[in-house]
Each structure stands twice: as structure tokens, then as C-alpha cells.
Amino acid sequence: MPKTYSNIVVLTGAGISAESGLATFRSANGLWNNHRVEDVATIEAFQRNPEYVHDFYNEMKPELLRAKPNPAHLCLTKLQQAFPNRVSIVTQNVDTLHEKAGNTNVYHIHGQINQAVCLNCGHILESWGDITTETNCPHCEAVGFMKPNIVFFGENLLYMDKVDSLLQNCDLFISVGTSGVVFPAAAFVQIAKQNGAETWEFNLENTSNNYYFDHHIFGPAGTTLPRFVDGLITEASPD
Ligand code: APR
């Protein structure tokens with residue numbers, strides 16, 4: 001009897017982009033080892049020194065623009081094709097590697113590096129160029145109100161109504177490359193499990209919320225995830 005799923009949720013973190021050459025946050029040479037969160041990832045920091053915060057994200061853009069998706073991103077397109085309209089990707093990442101890999105139904109709950117939001121009218125500006133305190137909003141023309149569309153600590157996540165609905169109804173929850181220390185994303189597995197989902201964690205090591213995972217697959221996601229996806233597709237295929 002083929003085994004299939006009706007609503008698959010994939011939560012990704014910086015680890016899925018590591019094999020594309022992008023730094024994670026909490027590894028030995030991670031972003032948070034070289035910058036203080038309080039200086040670049042809080043609304044107070046932005047109010048205190050917007051130029052410094054803009055510079056931090058502007059400096060990230062060229063590398064993220066050049067980065068290429070790796071087999072972990074690419075296999076998710078294969079999964080979405082095998083399970084049409086049943087695979088959603090909830091990412092904490094601000095890079096666009098899921099989109100470059102052809103993934104659809106991608107929800108950037110922490111925002112996106114190539115977007116800025118106008119604090120005057122809410123317009124979202126897509127741009128890989130530098131955003132500064134002089135950038136005017138193309139929608140309301142206000143100057144100095146553009147903020148990187150990055151969810152700072154203390155701000156509400158994006159797409160949470162959609163994510164809540166996905167977690168209430170998912171029967172397979174797959175976490176890839178996240179340390180599971182930043183809430184509310186770190187609690188998604190608990191919600192999924194409480195709603196009856198089978199839960200899998202793909203990481204190099206055990207993480208802090210591993211209690212809620214039924215299965216742990218250790219190793220680089222570029223190798224482990226494609227193998228798992230092929231297995232799901234085979235299991236779902238009629239004999
Ligand atoms: N394959 C699988 N997992 C990997 C790989 C890999 N090749 N490389 C690293 N990892 C794992 C690490 O073991 C770690 O558990 O990815 C995880 C990365 O953890 P973090 O650096 O904490 O990144 P993340 O979990 O995405 O951080 C969550 O914190 O600061 C905020 O907004 C920021 O979105 C970020 C959030």
C-alpha cells in the first residue's frame with residue numbers, strides 16, 4: 001500500500017544554505033560571532049543607527065545574490081512536483097535560494113534580504129541594490145522611511161496566520177538546518193506533533209528541541225535530504 005501524505009511542511013534554517021557557501025548564525029564562524037544581534041537585528045538598533053543597520057544588510061546582498069541553490073534546495077522542487085500543492089516551505093532564511101531552486105509556496109517568516117519595507121505606507125520594495133536612509137519609497141515618495149524587510153528580534157514574524165494553518169493540518173513536518181533556538185519557529189515542530197504530524201529533523205547534530213522529533217537524520221542536508229525525498233517519492237508510488 002503506497003504511503004503518502006496530504007500536507008507536508010518543511011521548515012528550513014541557515015543550515016540548508018551552508019553547502020551553498022552562506023554563513024549560518026551560531027556556528028564557530030557564524031554571523032552572530034562577528035556581529036552583535038543588538039547592533040544589527042533589533043528595532044532599537046535601527047532607530048539608534050539606521051545607517052549601520054542598512055550597511056550590514058547591504059553588505060550581505062552581493063554574496064546572497066551570487067549564491068547558488070544546493071541539492072537540498074533542489075530536491076524540494078522534486079518533492080513539490082511529486083506531491084502537487086501538498087508541500088509548503090517555511091523558511092527562516094532571508095536568502096532566495098529556495099526560489100532559485102524552483103521551490104514554490106515559500107514563506108519567508110523572517111523576511112527577505114532583497115526587500116525593503118516603507119515604515120510610512122507599508123510598501124514592499126524589491127531591490128538587490130543598497131537601501132539607505134536616503135532611499136525614497138516609490139509608492140508614497142516618503143524619504144528615510146525604508147527599512148530592510150528583515151524581521152528584527154522583538155518584531156512579529158511574517159505569514160504567521162498561514163503558518164499556523166499549515167501546522168494545524170500537516171501530517172509530515174521536516175526541519176532542515178536549524179538550531180531550534182529562536183522562537184516562535186523553534187516551537188513549530190511541537191505544534192505539528194501535537195496535531196498528529198510525523199516529525200523529522202535533518203541536521204549535523206542534535207538540537208535543543210529534538211524531543212519533538214520522531215526521527216533524526218544526521219549529516220549534510222545536501223546529501224541526506226535528497227535521499228529522504230527519493231524515499232518518500234518511491235514509497236508514495238503505486239507498486
Ligand atoms: N546540513 C544540515 N544542517 C546544517 C548544515 C548542513 N550542511 N550546516 C549547518 N547545519 C545546522 C547547524 O548544526 C545548526 O543547527 O544548521 C543549524 C544552523 O543554526 P543557526 O546558525 O542557529 O541558524 P538558524 O537555526 O537558521 O537561526 C534561526 O536565528 O538569528 C536568527 O533570524 C536568524 O533566522 C535566524 C534564526
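1. Gln115 and its surroundings. Leaving aside neighbours within four places in sequence, Gln115 is in contact with Ile124, Leu125, Glu126, Ser127, Pro148 and Asn149; contact means heavy atoms within 4.5 Å. Gln115 lies in strand S4, residues 111-118. Strands (E, at least two residues) and helices (H or I, at least four) are DSSP runs, numbered from the N terminus. With a relative accessible area of 12%, Gln115 is buried. Buried means under 20% relative accessible area, exposed means over 50%, and partly exposed is in between (1.4 Å probe, protein chains only).

2. Basis of the values. This is a predicted model, in which local features need pLDDT of at least 70 and side-chain atom pairs count only at pLDDT 80 or more, while totals for chains, interfaces and linings use all residues. Residues are numbered from 1 along each chain as its sequence is written, and side-chain values use heavy atoms, with hydrogens and water left out.

3. Polar contacts of Gln115. The side chain of Gln115 makes a polar contact of 2.7 Å with the side chain of Asn149. Another polar contact, of 2.8 Å, joins the side chains of Gln115 and Glu126. A polar contact is a pair of N or O atoms within 3.5 Å; within protein, one must be able to donate a hydrogen and the other to accept it, and residues adjacent in sequence count only if both atoms are side-chain atoms.

4. Thr91. This residue is placed in strand S2, residues 87-91. Thr91 counts as buried because its relative accessibility is 0%. Not counting residues up to four places away in sequence, Thr91 touches Thr12, His98, Val106, Tyr107, His108, Ile109 and His110. With Thr12 there is also a polar contact of 2.7 Å between the side chains. Thr91 and Asn195 are 104 residues apart in sequence, and 20 Å separates them in space, C-alpha to C-alpha.

5. Thr178. Where is Thr178 found? Thr178 sits in the loop between strand S7 (172-176) and helix H8 (188-194). At 11% relative accessibility, Thr178 counts as buried. Residues up to four places away in sequence aside, Thr178 touches Leu11, Gly13, Gln92, Glu201, Asn203 and Thr207. The side chains of Thr178 and Gln92 are joined by a polar contact of 2.8 Å.

6. Salt bridges. How many salt bridges does a search of the whole structure find? The search finds 6. A salt bridge is a side-chain nitrogen of Lys or Arg within 4 Å of a carboxyl oxygen of Asp or Glu. Side chains of opposite charge can pair when their charged atoms come close. One of these bridges links Lys147 and Glu155, with the closest N and O atoms 3.4 Å apart. Lys147 counts as buried at 3% relative accessibility, whereas Glu155 is partly exposed at 27%.

7. A network. Salt bridges that share partners join Arg36, Glu38, Asp39 and Arg48 into one network. Within it, the side chains of Glu38 and Arg36 meet at 3.8 Å, N to O. Glu38 is partly exposed, with a relative accessible area of 43%, and Arg36 is partly exposed at 49%. Arg48 forms a salt bridge with Asp39, where the closest N and O atoms are 3.7 Å apart. Is Arg48 buried or exposed? Arg48 is exposed, with a relative accessible area of 55%.
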